[in-house]
Amino acid sequence: MELSSLLKPAAVRVLGHATSKKRLFQDLGDITQSIYGLDATATVDALQERESLGPTGVGHGVALPHARLEGLDHVVGVFLRLEKPLDFDAVDRQPVDLVFALFAPKDAGVEHLKALALVSRTMRESSICAKLRANADPAALHAVLTEARSNQAA
């Protein structure tokens with residue numbers, strides 16, 4: 001599994017106006033609807049339901065929100081670079097500026113976990129996060145993310 005199979009170039013965005021976690025989830029719902037044809041309301045509800053189990057802010061300015069949804073046949077992702085860091089109730093209490101959201105089929109098992117592990121490993125790399133923070137071009141952000149894992153796998 002590679003990030004390029006999870007993340008379409010159009011699903012990489014730079015946001016400057018996320019004022020709350022709820023607003024960010026609404027933005028993610030809108031993006032998944034336009035890119036993947038998912039129901040925005042169902043996406044937001046699933047993200048909020050998962051977040052109620054425990055925050056998905058994993059530390060170092062990174063959040064990995066994820067949810068299982070009807071209407072998917074494989075795992076898909078959305079990456080957001082926030083111009084203004086957002087309080088996300090992260091484990092280290094630091095605001096979040098890099099968000100990699102994953103959406104899996106309702107009945108996904110191992111595939112969802114493998115995708116989450118791949119994204120987690122990628123976003124733990126401080127050099128990758130530094131490149132993501134230094135760039136505001138969505139195409140370049142997509143390239144950083146998709147080249148990162150394939151270079152390490154080679």
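Tutor: In the protein chain, the mean position of the 17 positive charges and that of the 19 negative charges are 4 Å apart; Lys and Arg count as positive and Asp and Glu as negative, while His and the chain ends are not counted. Each charge is placed at NZ of Lys, CZ of Arg, CG of Asp or CD of Glu. The model is a predicted one, in which local features need pLDDT of at least 70 and side-chain atom pairs count only at pLDDT 80 or more, whereas totals for chains, interfaces and linings use all residues. Residues are numbered from 1 along each chain as its sequence is written, and side-chain values use heavy atoms, with hydrogens and water left out.

The protein chain contains 6 helices and 6 strands; these are DSSP runs numbered from the N terminus, helices being H or I of at least four residues and strands E of at least two. Starting at the N terminus, the order of elements is α-β-α-α-β-β-β-β-β-α-α-α. The radius of gyration is 14 Å, close to the 15 Å that the globule rule gives for 154 residues, so the chain is as compact as a globular protein of that length. That radius is taken over C-alpha atoms, and the rule is 2.2 Å times the number of residues to the power 0.38.

Buried means under 20% relative accessible area, exposed over 50%, and partly exposed in between, with a 1.4 Å probe and protein chains only.

Strand β5 has pairing partners, two strands being paired if DSSP finds at least two bridges between them. Strand β1, residues 12-15, runs parallel to β5 and is joined to it by 4 bridges; here R13 stands opposite L80. Strand β6, residues 96-105, runs antiparallel to β5, with 7 bridges joining the two. Within that pairing, F79 has F100 of β6 as its bridge partner.

For another view, consider V58 in strand β2, residues 57-59. V58 counts as partly exposed because its relative accessibility is 44%. Apart from neighbours within four places in sequence, V58 is in contact (heavy atoms within 4.5 Å) with A63, L64 and V91. The C-alpha atoms of V58 and S120 are separated by 8.8 Å, although these residues lie 62 residues apart along the chain.
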